[in-house]
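Please look through the structure shown below, with its sequence beside it.

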There are 2 protein chains.
Amino acid sequence: MISKLAADRRLGIGIDIGGTKTLVIAADCGGRSVIKKRLKTPSEIGELLEKIKLVLDSTGITQSDIIGMGVGVPGRVNSKSGLVIDVPSLKWNNINLRDQFKSYFNRPIFINNDVNLSLIGERWLGNGKSYDNLFYIAIGTGIGSAIIANGTVVEGASYSAGEIGYFIEKEDIRNGYKIAGLEFGALERKASGSALTDNAQKLGFNPRELFREYRNGNRGVTPVIEEFVFDISVAIANVVCLINPEVVIIGGGVSESMSIILNQIQDKVAEYVPIATKIVLSKLGGEAGAFGGVAYVFQKIPNYMEG
Amino acid sequence: MISKLAADRRLGIGIDIGGTKTLVIAADCGGRSVIKKRLKTPSEIGELLEKIKLVLDSTGITQSDIIGMGVGVPGRVNSKSGLVIDVPSLKWNNINLRDQFKSYFNRPIFINNDVNLSLIGERWLGNGKSYDNLFYIAIGTGIGSAIIANGTVVEGASYSAGEIGYFIEKEDIRNGYKIAGLEFGALERKASGSALTDNAQKLGFNPRELFREYRNGNRGVTPVIEEFVFDISVAIANVVCLINPEVVIIGGGVSESMSIILNQIQDKVAEYVPIATKIVLSKLGGEAGAFGGVAYVFQKIPNYMEG
């Protein structure tokens, strides 16, 4: 049931569609949430919309309570038209997700990339508050990132900004690295959650155990952790000299284990580039994207025109 | 003398202050220039201002002809306050250049970094026309760069955005690279004009001759050119996946010799990252910064408030 606190307030709905799970958050303009509901993501969009509708209906939220819906997807999105260009994990290609949402919810719908929304969420309620120049790196299965410059998300010419999973080094090329189809980029092959899983497995651990062993002083895992710190620090250093953010926020599943190495990364980045930045972990964790969806609604609605 | 064409037009004054030369351009809002005058840069600011005043006076331009002045400096600038944070080549530190200009020219004065202004110039009259997401890399003595995202220059939290001379790779660190004081960054040590000069010298050439020899099929210079292409292509590829610009413009002194290798760079970048971009050479060359200063005036003046 909708809580009394927010019962008289109008709500933004934030929906973070992931490859396996979808998080629905309904919150007011102060960030007070009245729903947080996690669903399994069906790959069929109609089924997903049906499930979301059920969640809202069952909580007594009516269309007139909803100011708008902000939806994040793990792929490229034309945020102007609502066209989802590609979401590899759900095999979505060239689908106008805004139109699909519109047919279920006759409210203003705003679609964007999930990592962009995570950064918007962190800037609203998390560790990016009051900053106009921010960088968010999501280290999960792959590696994604998002940029806020001059207070605005940088989406890029073809909505591909932030794709630092493709960061390369000369030695990658010398070692025969090639981009092929939908495979991971060079940085992802070295430092993503998937790469960590592979490296941890060789030692008999999963990534979470790997960090636990490191914390407990197991020297056997040190090289893997040190190489991960090295890769991430170099990537962040390069971002810092290009876009000079006040704060770098590290999010994504792997970040939940990273507090033990955060100072090392901060020190290395300071050693590599003479431009100051502050490196922090995500505050909102897995809720950043959905809260970002809510924030996105409140950002967009003043300029919203039906169309 | 001021040409008849523009005699009745109001002018923006663009001033590109370089370590050795300063270019003064006066032009109308259509980019028609009535002055282009190159001066030696004195390190004493009063002397520089005196010289600029003489140039304008001798051409019959009065204060009332001037809408404003856009001034580029080769260093970090707080564009809001006009404070020049540092210009190593002129040994300027913490000087409010806007105030200094104000004491000579009682007109609106806008100060920014020279590379940022070069990109604004290229977007106005050069090879960046009609694009909202642009990257400009200036390869001269050092390597600098500028970003326009969503139609706006990205200056960064401490006006240090674009400092890709500091781009590093893991192998740089393994090879003992350290940042020390005002020295060149890792990418600059490999691929700047200074680095090319060093490498060319070993073969008995200067950089311009190096490219000429390459064009003439002298195999002896091939490795140096190929390594330069490699370094610049990797740097651009990393920029492209982070900020996804429509167009990358290569400027700076070295770019004047680079037409022979432009296609190679374009091909390599396409090979390294699966995000399309168009790579071109600067159209305005050494005049980009001063024309950018003029453009900056016309951009800024509608929102200008005395203060």
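In this predicted model, 48 residues of chain B are in contact with 48 residues of chain A. All of the interface residues of chain B, 100% of them, are also interface residues in chain A, so the copies meet through the same surface.

**How the two copies are related**

- Chain B can be laid on chain A by a turn of 180° with a shift of 0.0 Å along the axis, and the RMSD is then 0.0 Å; that is the relation of a two-fold axis.
- Among the residues of chain B, the one that comes closest to the rotation axis is Glu169(B), whose C-alpha lies at 3.0 Å from it.

**Area buried between the chains**

- Between them, chain B and chain A bury about 3,900 Å², and 62% of this area is on carbon and sulfur atoms.
- Three residues, Ile168(B), Lys170(B) and Leu242(B), supply 19% of the area that chain B buries against chain A, which is more than any other three residues supply.

**Polar and charged links across the interface**

- There are six salt bridges between chain B and chain A, and one of them joins Arg174(B) to Glu171(A), with the closest N and O atoms 3.0 Å apart.
- Across the same interface, 26 residue pairs are in polar contact, counting pairs in which both residues have pLDDT 80 or more.

**What makes up the side of chain B that touches chain A**

- The elements of chain B that give two or more residues to this side are β10 (143–149), β11 (152–153), α5 (170–174), α9 (222–243) and α10 (262–272).
- The largest share comes from α9(B), which contributes 10 residues to the side that touches chain A.
- Sorted by class, this side of chain B has 27 nonpolar, 10 polar and 11 charged residues.

**Paired strands in chain A**

- Strand β5 (residues 76–78) of chain A runs antiparallel to strand β6 (residues 83–87) of chain A, and three bridges join them; within this pairing, Val77(A) has Val84(A) in β6(A) as its bridge partner.
- β5(A) and β6(A) form a hairpin with four residues between them, and in the turn Gly82(A) has a positive phi of about 85°.
- β6(A) also pairs in the antiparallel sense with strand β7 (residues 92–96) of chain A, over four bridges, and here Val84(A) stands opposite Ile95(A) in β7(A).
- The hairpin of β6(A) and β7(A) likewise has four residues between the strands, and Lys91(A) in this hairpin takes a positive phi near 55°.

Notes:
Residues are numbered from 1 along each chain as its sequence is written. Chains are lettered from A and ligands numbered from 1 in the order in which they are written. This is a predicted model: local features need pLDDT of at least 70, side-chain atom pairs count only at pLDDT 80 or more; totals for chains, interfaces and linings use all residues. Side-chain values use heavy atoms; hydrogens and water are left out. Copies are superposed by least squares on the C-alpha atoms of residues with pLDDT of at least 70 in both. Contact means heavy atoms within 4.5 Å. Buried area is the accessible area (1.4 Å probe) that two parts lose on being put together, summed over both. A salt bridge is a side-chain nitrogen of Lys or Arg within 4 Å of a carboxyl oxygen of Asp or Glu. A polar contact is a pair of N or O atoms within 3.5 Å; within protein, one must be able to donate a hydrogen and the other to accept it, and residues adjacent in sequence count only if both atoms are side-chain atoms. Ala, Val, Leu, Ile, Met, Phe, Trp, Tyr, Cys and Pro count as nonpolar, Asp, Glu, Lys and Arg as charged, and the others, Gly among them, as polar. Two strands pair if DSSP finds at least two bridges between them.
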